[in-house]
Amino acid sequence: MILQSLAGLPAFLVYFCTALFAVTAYLFIYTRVTPYNEFQLIRDNHPSAAISLGLSLLGFTLPLVSAIAHSANVLDCLIWALVALIVQVIVYYLVRIPVPDLANRIVAGELASAIWLGLASLSAGALNAASMII
């Protein structure tokens, strides 16, 4: 019984490690796209940076979860992870249209701008995830 349960362990490890790689790549790239250092702001106790980056990460991981569940193989999963990353970068630039000084506001610790960016990222991620299963 236990051996049957563990039969899927290799596939689990492959997809889990793939997801860790994709999340790491996402954080590396996304934090270079934004003009401020999210991790330094978080270390300096700026909730605005934590909110915007954390919700953006959720907006990326939702489609990643969908890709893991529905992809044909690991390469397919990575391709959809790349699509999810591109969507999140596009969202970052789109939400700056109604709030042109978004970056400065987040650096200044303004929560409204961080929540706007974060929830827009999360919404795009949810739509992205749902679109992957069609």
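## Helix α4

Let's start with helix α4, which spans residues 47-70: its 24 residues reach 34 Å from the first C-alpha to the last, close to the 34 Å expected at 1.5 Å a residue. That expected span is 1.5 Å times one less than the number of residues. Helices here are DSSP runs (H or I, at least four residues), numbered from the N terminus.

This is a predicted model, in which local features need pLDDT of at least 70, side-chain atom pairs count only at pLDDT 80 or more, and totals for chains, interfaces and linings use all residues. Residues are numbered from 1 along each chain as its sequence is written, and side-chain values use heavy atoms, with hydrogens and water left out.

## What α4 hides

Several residues of α4 are buried, among them Ser-48, Leu-53, Gly-59, Phe-60 and Leu-64. Buried means under 20% relative accessible area, with a 1.4 Å probe and protein chains only. The cover over the buried residues of α4 includes α2 (9-33), α3 (38-43), α5 (74-95), α6 (102-107) and α7 (111-131).

## Gln-88 in α5

Now look at helix α5, where Gln-88 is found. Gln-88 counts as buried because its relative accessibility is 0%. Leaving aside neighbours within four places in sequence, Gln-88 is in contact (heavy atoms within 4.5 Å) with residues including Tyr-30, Ser-56, Gly-59, Phe-60 and Ser-121.

## The largest nonpolar core

A nonpolar core is a set of buried Ala, Val, Leu, Ile, Met, Phe, Trp, Tyr and Cys residues joined through side-chain atoms within 4.5 Å. The largest one has 30 residues, and Tyr-36, Phe-60, Leu-64, Tyr-92, Leu-102 and Leu-117 touch the most other members. Helices α2, α4, α5, α6 and α7 each supply at least two residues of this core, and α5 gives the most, with 8 residues.

Conventions: Buried < 20%, exposed > 50% of the residue type's maximum accessible area, 1.4 Å probe, protein only.
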